[in-house]
Amino acid sequence: MPRRTDINSVLVIGSGPIVIGQACEFDYSGTQAIRALKEEGLRVVLVNSNPATIMTDPEFADATYVEPLTTEVLTTIIAKERPDAVLATLGGQTALNAAIALDEAGVLEKYGVELIGANIAAIEKGEDRQQFKDVVEKCGGESARSEIIHTVEEAVAAAESLGYPMVVRPSFTMGGLGSGIAYDEQDLRRIVGQGLHYSPTTEVLLEESILGWKEYELELMRDTADNVVVICSIENVDPVGVHTGDSITVAPALTLTDREFQKLRDIGIAVIREVGVDTGGCNIQYAVHPETGRVIVIEMNPRVSRSSALASKATGFPIAKIAAKLAIGYTLDEIPNDITGSTPASFEPTLDYVVVKVPRFAFEKFPAADDTLTTTMKSVGEAMAMGRNFTEALGKALRSIDKGGAVFHWDGEPASGEELDALLAEISRPTEGRLVATQQALRAGASIEQVFEATKIDPWYLDQIQLVNEVAAAVADADALTRDVLVQAKRHGLSDAQIAKLRGMGAAGESTVREVRYALDVRPVYKTVDTCAAEFEAKTPYHYSTYDLETEVSPRERPAVLILGSGPNRIGQGIEFDYSCVHATLALKGEYETVMVNCNPETVSTDYDTSDRLYFEPLTFEDVLEVYQAELAAGPVAGVIVQLGGQTPLSLAQRLADAGLPILGTSPEAIDAAEDRGVFGRVLADAGLPAPAFGTATSLAQAREVAEGIGYPVLVRPSYVLGGRGMEIVYSAEQLTGYVERALHAAATDDRTTTGSLPAPLLIDRFLDDAMEIDVDALYDGTELYLGGVMEHIEEAGIHSGDSACVLPPVSLSEAEIERIRRSTEAIAKGVGVRGLLNVQYALVSDVLYVLEANPRASRTVPFVSKATGVSLAKAAARVMVGESIADLRTSGVLPAEGDGGLLDLDSPIAVKEAVLPFKRFRTTDGVVVDTVLGPEMRSTGEVMGFDRDFPRAFAKSQAAAFGGLPTSGSVFVSVADRDKRSIVFPIKRLTELGFEILATQGTAGVLRRNGIPATIVRKFSSGRGADGEPTIVDLITEGKVDMVINTPSGQGARADGYEIRAATTAADKPIVTTTQQLAAAVQGIEAVLAGPFDVWSLQEHTAASAARKAGAGA
Amino acid sequence: MSISTPSTDALDTDRTAVLVLEDGTTLTGRPYGALGTTFGEIVFNTGMTGYQETLTDPSYHRQIVVMTAPHIGNTGVNDDDPESRKIWVSGFVVRDPARRASNWRSVGSLTDELVEQGVVGISDVDTRALTRHLRDRGVMRAGVFSGDALVRDGYPRPTEELVELVRSAPAMAGADLAREVSTPTAYVVEPSGDFAGREPLKTVVAVDLGIKSMTPQRLSERGIRVHVVPSWSTIEDILALDPDGVFFSNGPGDPSAATHEVELLREVLDRRLPYFGICFGNQILGRALGFGTYKLAYGHRGINQPVMDLATRKVEITSQNHGFAVDAPIGEQATAPHDGGRYGRVVVSHVGLNDDVVEGLECLDIPAFSVQYHPEAAAGPHDAAYLFDRFLDLMTSGAASAAGLSAATPSTSAKEN
């Protein structure tokens, strides 16, 4: 039936900040949904607290609210906008939970809003363990034997019948949060305790272990006419026991016969019907016993999920878009398949290629964390690759991960004897590096049976890895690189760099291999993702490379612009960069043929209709060069954009330029100038700009010399990194030695470098204590500077800018200071030779403005600045890169006719960006949360924006959006370093006036009491419980008796005293303040919350108000 | 566009196989299965699972099948999944054959099975390029040559010679192949599953034009006794079995050449015996009713084909394998043209959503219906299994969905005749 006529406006709920388990795939799905709904002429209202998303761009929805996803705020928006319906199935678990809360609060009923695409009963049936178990049985499926428990004691009792090991899964959490495997009672008590806490219904499921079973997923869609189709099957290479988000996965399933596959399909369809998923997407996970084929249904998600995004990219079937259309009444047969244009969406995609997804982890950011992979998801991103067979797709996926040690290698002698035994023991524990270790074990002669015994990875996959080893051996042993040898190597996924290494060809080997390859005409062809295995003609140029006969790239006349994306999400390089890439394509489409190259399936940039052409390819030199060659053969290429995708494409700039590719915007030489300390130092000196004393070093001796010359503390980091990877504040020569040794070790094991020495120098800077840090995003065309925005950090310098909250416009900088920042930024832009975006970090200490660093590329804050100021910097940057001037852009309206982001009027709203940190996910092997102190190493996964008329309100909104909000009553625990004791007096006093009870340790309490602030002394953790069981502060926090913790670390050591306090607070999900600046902001925020409910404005209203003010000022 | 592979430098006959198309296209790959020469009509199948069922489906008799899914053989072969007594394809084209089979039901490797059954195949070719070529040019004759077949007098055989051989092979159009695949003798499939050992609810005679073993199984598990009889059976043979209904199976060949089968079906229809046909059985019904059949450019072969049941407007994902289709008007009631409307009114009951091909026929005045696709699946989704229930209903009520049966119609059961 056609679309419903009773729905004219829809509220779409987004997924909030990027967190582990819920990443930018929901920006992708939400963006698709909004476009699909707009296409139908509906009024779309969007709410999402994440400013780094494409979906929150004002041009997508009719009314865009960047506001916290709390019931209170959502109610305000519904009351104001009065939508006919709410669509919550495309915003992950966050949106679904928000919708359930709205329903429970009676808001939907009160305002007559219909929940579309799902119904509450279905959500409950799908997510409530017992109800779901009943459904599965009714559908002829089996569930693991299990029990539902609500207390730890019930769990211990249940263990008697279920036996260990046992899987623990809390109800209604996402990304497997709080789940785990208990091997004994101690484990059980700990995991169940946490699980009960995380489950909003205080409910946990215990079930028999199915560890080591084969794991599969199906993505299904259903419409209102009860048509159900399976979009994609996904097989996990890692067997049950590793969260599917952390598993290497393959599409389609490769080790099932048709009978077995149809059984999964039959059960899946019966389940989706029985659960009553109204319309839309749904994901079901299965375990299959490797020896008996017994099938167990693990769980289902009655919504678009991370796997749906993967399935969409893997098949070309746009699940989110179709889900949105189904939600407003269409049936599958009424919706065309965009890819073919001639067939309907009511079919099941069939693949003539293999898709492999590999997760990307960030354990290096959390050295104390246990790196065993479990049923709690820990990866921060993923890369996907396609090939015409598994080995090719796997090789491409592994190199897409863009991380040392990620790809197969044949270095050194194979392991022997005891080493092999150790290797076999190692691979029995799932970790980030298990697949490479598995390859090494097979290389060392372990049999497939032995490796299967250790890993439970299906023998077919192990044989494929063995095949890669055999091909590698053939490459290494061949007399010469003949065509046949090269073809085999490329067909099984080896890169030129791997081939060069196998042949012992040295540093320039990769180029030599390429030249031989070209001479023998061994080049990739590009096939098309067409949903139908070539049965019908594809209209969509969505390509992947392979070594086969025929290429499908069609010729074109318009010049192409290649945009290099940012690859897998990682901490420090995430959705913000995808945002900029997508903006570039939007800005250039029409005039140019935009060609996106990226390998991240979660993104909007890899949606097949974002750019004119999409190449789903690894972002390595070889793969990018081949895409360029293919496009050059298809028509003129205007150039390549490398400055929007973060460090990954930026680091390719010089090599691509050397290979003859035209780099648009800032030249590789200028990029180097900003990175090269010596050159950059001269730029600053010429402009008369002060920078903290600095030096560079490539050896330990050099590093010590430099550090002593500057004086400790110093900030040390390797050059060419993003997200402060490997950045540390170093207070002593001893600490420095440790740092350098670790860096040398890392360089030796990084297979992307060909030498064992540091690939680039270490940067050593004077560390500025107590400085205010300022971040600037600007645009430069060679003559004019457009200051995009000036952000004042709330935390002091020394905390990574990505983890620091910041405010725009700056609330404590004078106009003169902003003017100084503008002049400095312009001098840097000019000196470096920027054409496009520039990000500069400054530190303001005692009225001196130090330049900390400058990055001639899109920064993490570009989307935030763009949302806060209503100007799309990335779009403007793309136009500058293809030769337009800022003056042109002011004329054409891309930039405001006058003024810029540095000169915002006093009535401009205030935007606060707050970081969201993943500490809860990372536990030590003892099961304790890792330390949560912020430092120069970035560890946040995402961000939110609070937007309001003044700072306190905006800050309070940012806190509500980031973690549920500041407390308005109760008790606050205070324990601060001596240097901070003075500055806490006023804010703490204010807290007591607001009615909070203050708890403090002895020392801090003394200071407070002498200042007339009543404070209750509590026992230190180190003192243990008192004689009569008096609790320590950690006990109080764990028991939920503390509503906020203020704890600034005193030591400089890695193990500051407050660790247990901070860990307990994080585990208890309570706000924690670790700097005095944060405290001041928190107190202001609490006052704002107490002043009454938040008001809401859409971005469009903000823009209209700003335009009205300007018009008023002009009149 | 040419999709010819540059020939290898030196001819290594153990490692080389050549696929030659009627239009002169050649692809070089590696031998897969038996070495030798084979000819057939080259068609592509887009199923991602079910290679064992495909290979043993008699409808693929005399066809060289290209699998678009790149990895074939991963789950080996087992004793449960074959759809008939042997592999029928005349040749097999894949990209990446499995080196190792992995599945708990596997009893051997597919490669060994192909060698054992003498099936000549080729691997390591660009199956996607080949599929696109067939999509654009239509199916055609082809040959696979490997081993000694590539050599003459110690020298590689010229490509032109191989092309000539292919061009002289028989074409599919006009071929009557059902006889070649049909069971030589009749056999009985007794009720199974919940009905095992019980008195049959109904008795059906299934005329084997290339029947897949899943079809009698789907009937038997509904309590039906199935007499599978050779394609050359006569109406007397059928009536002798005293059936409640008659079924015509899938099978290879051109329906326009199936004169005997069409005549036989008319005898069945004249007696108002409830009739159900699948695939070839649909084309035979079409022809018996007086409609034409035609050859599709490249056919429907896969397990993801959307079909709409026009009565319920519901979509089912179906398993298909047909190169010919019935030419009947969609969306309207028509009078069956044969013999001045002797069989009354007929509608197209099912239509393929990808290209609006007739996928099912339903007679309104006589108890007969058929579908072009494969409700027995194997391989493929089970969405259309309801059609077997519909057949049972038709035999039980004498009407089922054939609601238009008038009282004037002669009795609907052979037993009353």
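Which residues does B:R179 touch, not counting residues up to four places away in sequence? Under this limit, B:R179 touches B:S231 and B:W232. Two residues are in contact if their C-beta atoms, placed from the backbone, lie within 7 Å. The model is predicted; local features need pLDDT of at least 70, side-chain atom pairs count only at pLDDT 80 or more, and totals for chains, interfaces and linings use all residues. Residues are numbered from 1 along each chain as its sequence is written, while chains are lettered from A and ligands numbered from 1 in the order in which they are written.

B:R179 sits in helix α5 of chain B, residues 178-181. Helices (H or I, at least four residues) and strands (E, at least two) are DSSP runs, numbered from the N terminus. B:R179 is partly exposed because 17 other C-beta atoms lie within 10 Å. A residue is buried if 20 or more other C-beta atoms lie within 10 Å of its own, exposed if 12 or fewer, and partly exposed in between; C-beta atoms are placed from the backbone. In sequence, B:R179 and B:G210 are 31 residues apart. In space, their C-alpha atoms are 8.5 Å apart.

In chain A, the UniProt annotation "binding site", from an unreviewed entry, covers A:Q841 and A:E853. UniProt positions follow the numbering used here, feature names are shortened, and annotations may be inferred rather than shown by experiment. A:Q841 belongs to strand β30, residues 836-845. A:E853 belongs to strand β31, residues 848-855. A:Q841 has 19 other C-beta atoms within 10 Å, so A:Q841 is partly exposed. A:E853 is partly exposed because 19 other C-beta atoms lie within 10 Å. Not counting residues up to four places away in sequence, A:Q841 touches A:E773, A:D775, A:S801, A:L852 and A:E853.

The contact between the chains takes 47 residues from chain A and 44 residues from chain B. On the side of chain A that touches chain B, α9 (258-275) and α16 (459-477) each supply at least two residues. The largest share, six residues, comes from α9(A). By class, this side of chain A has 21 nonpolar, 10 polar and 16 charged residues. Ala, Val, Leu, Ile, Met, Phe, Trp, Tyr, Cys and Pro count as nonpolar, Asp, Glu, Lys and Arg as charged, and the others, Gly among them, as polar.

The domain assignment of chain A includes domain 1 (9-118) and domain 4 (525-664). Domain bounds come from an automatic or database domain assignment. The C-alpha centres of these domains lie 30 Å apart. Their contact takes 11 residues from domain 1 and 11 residues from domain 4.
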